[in-house]
Amino acid sequence: MLFRLIRLHLFRPRHALHGATLFFLLACIHIHAAAQVKWSFGGFGTFAATHATTDQGDYTANPNSPGEAGYSKKWALDVDSRLGAQINAQFDKRWSAVVQVTQEKSVENDYKTFLTWANVKFQVTPEIALRAGRIALPLFLMADYRKAAYALPWLRSPVELYSLIPISNSDGIDATYRWQVGTVKNETQVLLGRAHVQLNKDFKGTASTIAAMTHNMVAGALTLRFTASQSQLAVPGTAELFDSLRAFGPAGESLAARYDPTKRQVRVLSAGFNYDPGSWFLIGESGRINTRSILGDQTASYLSGGYRFDRVAPYVTYAHLVANMPTHTAGIALDGMPPEAAGVAGFLNEQLNLQLHQIGIQDTASIGVRWDLAPNMAFKAQVDHVTPKGGSIGTLINVQPGFNSGQSFRVVSVGLDFVF
């Protein structure tokens, strides 16, 4: 299960800022210590309960916050529940800073506090802004507020897309340029950074040289976003299987060259739209992540629409996750091998295919409702019909022996989102 853990926890950020970034933050605060600082404080949270009808695994919304709805618990409170707080400091017209923390489920299966944002912003001109520190990664349409579920029309973001890259920030710098062409508002963001990866309690990896470019366009009620990103992923402690394969000569070396995730370039492409004239909305998004390894090459898409009846907004969503690579390989040919060598090679082939079957292929059809109880509080209920396909376990975790891919199950969730 090591490679399942690697894939599930591909981009877990560490709690502390990189030393150079922290120094920059402290220096900026020191420079403006004598200024008239304007402080503001806010927070957000979700309390939700989730029930999954499967007993073959656990349903989870985010691999970094593994849920236990399904096999482990009849009703789980850890799939979507979290708390967050944010402090903003405005030093003057140009300098500002923000710190955001969240309290949520960790990969160690307990609740921990995570430093999600911590950066300083310098407004160079009205059109150009620079930031340094821990910054939200702009990979998807809802990237800036994916943890503050009150800002979402749904109970949770579609897991087929948003669980592909559970990282939500990086330590580094970015630059944003805003301009307008006619009535169309444009914004281009360029980001450079790195993220440290907590694979499990014992293993860590690094997503270094993260480079991303995002372009937003807003024309009336329509918003468009396009993103391209790449990074270098270094994963220690994964050599055992692939070193064993290499011992079988050219055939094993070819398999290791194709699937070994020890050091790979990861690329992400995404595009999305949101049309919201007020009384109704239509949102669509698609993204592809290619790790060029056993961790997968996948594309996920969703389309969602809803109508607002005053404070009540029912909605429907359909999400689709596919693999852009075979999830089965013939492996090392066993013909002509001595029995002992054939037994070892057969075992390695079995382990390789076991990991390939964990590359998610899944469809989900959802129906839900949002009820705005107050200006800062919303009740949500959602029912998902989930179908893992193609021999895959989909987005389930803690999968049990005898799992039957292709067998649908339902997920029922109710939750209360709030901001303050």
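## A walk through the predicted fold

Asp363 and Lys389 form a salt bridge in which the closest N and O atoms are 2.5 Å apart, a salt bridge being a side-chain nitrogen of Lys or Arg within 4 Å of a carboxyl oxygen of Asp or Glu. Because Asp363 belongs to strand β16 and Lys389 to the loop between β17 (377–388) and β18, the pair ties together parts that are 26 residues apart in sequence. Asp363 is buried, with a relative accessible area of 9%, whereas Lys389 is partly exposed at 34%; here buried means under 20% relative accessible area, exposed means over 50%, and partly exposed lies in between (1.4 Å probe, protein chains only).

The model is a predicted one, in which local features need pLDDT of at least 70 and side-chain atom pairs count only at pLDDT 80 or more, while totals for chains, interfaces and linings use all residues. Residues are numbered from 1 along each chain as its sequence is written, and side-chain values use heavy atoms, with hydrogens and water left out. The mean pLDDT of the protein, that is, the predictor's confidence in each residue on a scale from 0 to 100, is 89, and 90% of the residues reach 70 or more. Over residues 1–17, however, the pLDDT is below 50, although this stretch has 84 contacts in the model beyond near neighbours in sequence, a contact meaning heavy atoms within 4.5 Å.

The protein contains six helices and 18 strands, which are DSSP runs numbered from the N terminus (helices H or I with at least four residues, strands E with at least two). Of its 420 residues, 53% count as buried, and among contacts between residues at least 6 apart in sequence, 64% join residues at least 24 apart.

In soluble globular proteins, nonpolar side chains tend to be buried together. In this model the largest nonpolar core has 47 residues, of which Met142, Ile165, Phe242, Leu245, Tyr259, Tyr302 and Leu352 touch the most other members; such a core is a set of buried Ala, Val, Leu, Ile, Met, Phe, Trp, Tyr and Cys residues joined through side-chain atoms within 4.5 Å. Helix α6 (residues 339–356) gives the most to this core, with four residues. A second, separate core of 13 residues includes Ala61, Val386, Leu396 and Val411.

Ala52 itself is located in strand β1 (residues 38–52) and is buried, with a relative accessible area of 4%. Its C-alpha atom is separated by 5.5 Å from that of Ala69, which is 17 residues away along the chain.

Side chains of opposite charge can pair when their charged atoms come close, and the structure holds 18 salt bridges. One of them joins Arg246 to Asp260, with the closest N and O atoms 2.8 Å apart; since Arg246 lies in helix α4 (residues 239–246) and Asp260 in the loop between α5 (250–259) and β12 (263–275), this pair ties together parts that are 14 residues apart in sequence. Arg246 is partly exposed, at 32% relative accessible area, while Asp260 is buried at 8%. Another salt bridge joins Asp297 and Arg288 (2.6 Å, N to O), with Asp297 buried at 7% and Arg288 partly exposed at 37%. Glu68, Lys73, Asp78 and Lys105 are linked in a network of salt bridges.

Val414 is placed in strand β18 (residues 409–419) and, at 32% relative accessibility, counts as partly exposed.

Thr209, in strand β10 (residues 204–219), has a positive phi of about 45° although it is not a glycine, and Thr209 is exposed at 56% relative accessible area. Asn398, in the loop between β17 and β18, has a positive phi of about 50° and is likewise not a glycine.
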